[in-house]
Amino acid sequence: MNKSRILIIEDHHATLDAIRMIFEFEGYEVLGLSGTMDLHTQVASFLPDVILIDVLLGTTDGRAICTELKLSAHAAIPILLMSSRNGFQNSTYYKKHWDDYIEKPFEMETITERVKLLIADPKK
C-alpha cells in the first residue's frame with residue numbers, strides 16, 4: 001500500500017507532535033521538522049505529497065519558505081500554511097505561494113479534510 005506523505009514544519013514541539021499524531025493515526029507517512037535547515041534536501045529525499053508550514057518559525061517567516069519552495073524544483077507540491085494569528089492569509093504578495101491556509105487552533109477533521117483535498121487536487 002502506498003501511503004501519502006506529509007512534511008510538517010512547525011517550531012513548537014508540542015504542536016508538531018500533535019499534528020504528526022493526527023496524520024499518523026489517519027495512515028499518512030509523516031516527517032516533522034522543527035526548522036528549515038537543509039529543507040530542500042529533506043524535501044528531495046522525503047518527497048512529500050503535501051507540506052504544512054507554520055507562519056511563525058522563530059525568526060523565519062513561513063510565508064517566505066512557501067515562496068522559496070514554490071520558486072524551486074518543489075513547486076508542484078501543495079502547501080498548507082498554518083497560523084494562530086489573523087491576517088497572514090490576506091497578504092496579496094505571499095498568497096500566490098501557498099495552496100491553502102488554516103488558522104490554529106483547528107479541529108482534527110478540518111485539517112485532515114483540507115490535506116486530503118490538496119493531495120487529491122492541489123488546484124482547489
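Predicted model: local features only at pLDDT ≥ 70, side-chain atom pairs only at ≥ 80, totals over all residues.
**View 1. Salt bridge between glutamate 29 and arginine 5.**
This pair is one of the seven salt bridges that the structure holds. The closest N and O atoms of glutamate 29 and arginine 5 are 3.5 Å apart. Because glutamate 29 belongs to strand 2 (residues 29-33) and arginine 5 to strand 1 (residues 5-9), the bridge ties together parts that are 24 residues apart in sequence. Glutamate 29 is partly exposed, at a relative accessible area of 31%. Arginine 5 is also partly exposed, with a value of 26%.

**View 2. Salt bridge between aspartate 99 and lysine 70.**
The N to O distance between these two side chains is 2.8 Å. Aspartate 99 sits in the loop between helix 4 (92-95) and strand 7 (100-103), and lysine 70 in helix 3 (residues 62-70), so the pair links parts that are 29 residues apart in sequence. Lysine 70 is buried, its relative accessible area being 16%, whereas aspartate 99 is partly exposed, with 25%.

**View 3. Salt bridge between aspartate 100 and arginine 114.**
Here the closest N and O atoms are 2.7 Å apart. Aspartate 100 is part of strand 7 and arginine 114 part of helix 5 (residues 108-120), so the contact ties together parts that are 14 residues apart in sequence. Arginine 114 is partly exposed, with a relative accessible area of 23%.

**View 4. A network of Glu10, Asp54 and Lys104.**

Technical notes
Residues numbered from 1 in each chain as written. Heavy atoms only, no water. Salt bridge = Lys/Arg side-chain N within 4 Å of Asp/Glu carboxyl O. Helix = DSSP H or I, 4+ residues; strand = E, 2+ residues; numbered from the N terminus. Buried < 20%, exposed > 50% of the residue type's maximum accessible area, 1.4 Å probe, protein only.
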